[in-house]
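Try each task yourself with the structure in view, then follow the worked solution step by step.

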Amino acid sequence: MNLLKSTGIIGGMTLVSRLFGFVRDVLIARILGASATSDAWQLAFQMPNIFRRLFAEGAFSAAFVPLFNHKMEEDGERSAAQQFIIEVLSVFVPVLLAFTALMMVIMPGAIWLFDDFGRGGRSSDFAVTLARITFPYLALISVTTLFAGILNSLSRFTAAAAAPILLNICMITVLIFCIITDGGRDARQAAYLLAWAVAAAGVLQMLWLHYWARKSGFRFTLRWPKVTQDVKNLSMLIVPAIFGAGIYQISRFVDLFFLGQLEEGSFTVLAMADRLNQLPLGIIGIALGTAILPALSRFIAQEDAGGAQRIQSNAIELGMLVTVPAAVGLYFASLPLISAIYLGGRYDMDAVTITAAVVSMLVIGLPAYVLIKVLTPAFFARKDTRTPVYTAAISLTINVILNILLIPILGVAGLALAGAIAAWCNCIMLYALLYMRGHFHLEPDLIFRLSRILLSAAAMGAVIYFARPYGAEYYGGNIWERIASIALLCGAGAAVYFALAWVTGAIDRDKINMLRRRKAVEADAKGNT
């Protein structure tokens, strides 16, 4: 497996999706603003998506991929893997349908719960209707995740990484329609159409990946559900993986509850801030986690501990090389960036200021989130999904306690800071356990490069901090002034970072060249065992 190429494919497609997402969110901010209507829409949109990331892309993917790889290894003709797919799909689909139906029935109660027990003013029939329209997206995208897991196991990452683009295209199309028909003045109508766009996107994404999965040589049929031993094994891995792989998403559920206690627009402010935080997390963190899990599973199945050590070291180095400067840059440039992206229409300067403060707090935890994405597969690849449960539970407890302490002081920014601190706690615990068990350790060469990455990023942060006042009058100007001022600010910081990283040796030129070669990572890992 070529780690740089695989991560580049996933990250590149994710970048395209995130850019479309920015366009989507800019339009949403201008049409819906930070209001009760936008909060109702954000809650309806986030509920199926949090479940998606927690169960489908998190727990299910983490449990399915190692078992599927094992089936592929034991049968060169793929018959065992094909049978496993049919067994899982035949149980998976009815469970998804039942869960979706249950949520549709209890949706008023769910909205009431996340609305501070109905005290937050968001428990309207309109909010419930939006949530009922969007929630079936969970069932559709969960089946899509099974197709994606198959393709990722075969190291065919492009189709799965491109699927989220369809969601953003559907939503942007609806928003442009609203602008053309009434100038985007009817916020409730726009939110209603957005909900239907989400449901339609789920169908398109499922059909898209079904096509590519079939093209890879597998067939998908439904039989009478039967809980076979393989299905039991998958279920035993999924339940603890919900906690191990999904601490961020579990925290998001906790966040929804606390957000319901805050002022109108808090759901929207956090969602808009998280868009910037998710950009580097999606491009590098999720991409690395997705790319290394199949290779880790193969190394561990072959009892190649050295190979597993090397691939995780490479992933951490590559991840931090991009994530640390992204976090530092977003921290110091949050207000200029938020002004340039969101200011306008119904999204006023007060909303921009609050959003920028939330971004600054969120990105403190950004490197930790990426490291969790890299460290957690080391447990899943060994079919150990229980250990991360304990670290996740402790981290989640810390998050709740910090929310209670920080929200009265900092508001929604305190909620973001609590999540960041909890993420670092989870990251440290995961590494400590891997180290104590002899599964992974930071090598001196890696520590050397990480220290120089931090030094280079600190210099970049200083440049952005002292340069940002010079463009203050342009960050909220016309579109060309916004683009030019942000490009100059971020370009200056990036130039300083990469120049110092190159000079100090934070960038390992030989490692980058090695990662670019075909099957480089696995060959390098085997060569170091």
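**Exercise 1**

Is threonine 268 buried or exposed? Work out also where threonine 268 sits and what surrounds it.

*Solution.* Before starting, keep in mind that this is a predicted model.

Step 1. Find the residue: threonine 268 belongs to helix H10, which covers residues 266-301.

Step 2. Check the accessibility. The relative accessible area of threonine 268 is 0%, and buried means under 20%, so threonine 268 is buried.

Step 3. List the neighbours. If we set aside residues within four places in sequence, threonine 268 is in contact with Gly33, Ala34, Ser35, Ser38, Asp39, Gln42 and Tyr347.

Step 4. Look at one of these neighbours in detail. The side chains of threonine 268 and aspartate 39 make a polar contact at 3.0 Å.

**Exercise 2**

Describe the protein chain as a whole: how many helices and strands does it have, and what share of its residues counts as buried?

*Solution.* Step 1. Count the elements: there are 20 helices and 0 strands in the protein chain.

Step 1. Turn to burial. The chain has 529 residues, of which 60% count as buried.

Step 2. Ask how far along the chain the contacts reach. Among contacts with a separation of 6 or more, 85% are between residues 24 or more positions apart.

**Exercise 3**

At what angle do the axes of helix H4 and helix H7 cross, and which residues make the contact?

*Solution.* Step 1. Recall the description we need: two packed helices are described by the angle between their axes and the distance between the axes.

Step 1. Apply it. Helix H4 spans residues 125-134 and helix H7 spans residues 187-215; their axes come within 8 Å and cross at roughly 20 degrees.

Step 2. Classify the angle. Angles under 35 degrees count as roughly parallel, so H4 is roughly parallel to H7.

Step 3. Name the residues in the contact. H4 contributes Phe126, Thr129, Leu130, Ile133 and Thr134, while H7 contributes Arg188, Ala191, Tyr192, Ala195, Trp196, Val198 and Ala199.

Step 4. Zoom in on one pair. Arginine 188 lies over the face of phenylalanine 126, at 4.0 Å from the ring centre.

Step 5. See how H4 is placed. The buried residues of H4 are Phe126, Ala127, Val128, Leu130, Ala131, Ile133 and Thr134. Because 7 of its 10 residues are buried, H4 is largely enclosed by the rest of the structure.

**Exercise 4**

How many aromatic pairs does the structure hold? Classify the pair made by phenylalanine 257 and phenylalanine 258.

*Solution.* Step 1. Take the count: the structure holds 13 aromatic pairs.

Step 1. Classify the pair. The ring centres of phenylalanine 257 and phenylalanine 258 are 5.8 Å apart and the planes stand at 80 degrees, so this pair is edge-to-face.

Step 2. Compare the surroundings of the two residues. Phenylalanine 257 is partly exposed at 24% relative accessible area, whereas phenylalanine 258 is buried at 10%.

Step 3. Tyrosine 431 is partly exposed at 22%, and phenylalanine 440 is buried at 1%.

Step 4. Look for a group of rings: Tyr331, Phe332, Tyr465 and Phe466 form one aromatic cluster.

**Exercise 5**

*Solution.* Step 1. With a relative accessible area of 1%, alanine 333 is buried.

Step 1. Find its contacts. Apart from neighbours within four places in sequence, alanine 333 is in contact with Ile464 and Leu489. Alanine 333 and isoleucine 464 are 131 residues apart in sequence, yet their C-alpha atoms are 6.7 Å apart in space.

How values were computed. Residues are numbered from 1 along each chain as its sequence is written. This is a predicted model: local features need pLDDT of at least 70, side-chain atom pairs count only at pLDDT 80 or more; totals for chains, interfaces and linings use all residues. Side-chain values use heavy atoms; hydrogens and water are left out. Rings of Phe, Tyr and Trp (its six-membered ring) pair if their centres lie within 6.5 Å; planes under 30 degrees apart count as stacked, over 60 as edge-to-face and the rest as tilted. Buried means under 20% relative accessible area, exposed over 50%, partly exposed in between (1.4 Å probe, protein chains only). A charge sits over a ring if NZ of Lys or CZ of Arg is within 6 Å of the ring centre and within 35 degrees of the ring normal. Helices (H or I, at least four residues) and strands (E, at least two) are DSSP runs, numbered from the N terminus. A polar contact is a pair of N or O atoms within 3.5 Å; within protein, one must be able to donate a hydrogen and the other to accept it, and residues adjacent in sequence count only if both atoms are side-chain atoms. Contact means heavy atoms within 4.5 Å. Axes are lines fitted to C-alpha atoms, for helices over the stretch in contact, and angles run from 0 to 180 degrees between N-to-C directions. Angles under 35 degrees count as roughly parallel, over 145 as roughly antiparallel, 65 to 115 as roughly perpendicular and the rest as oblique.
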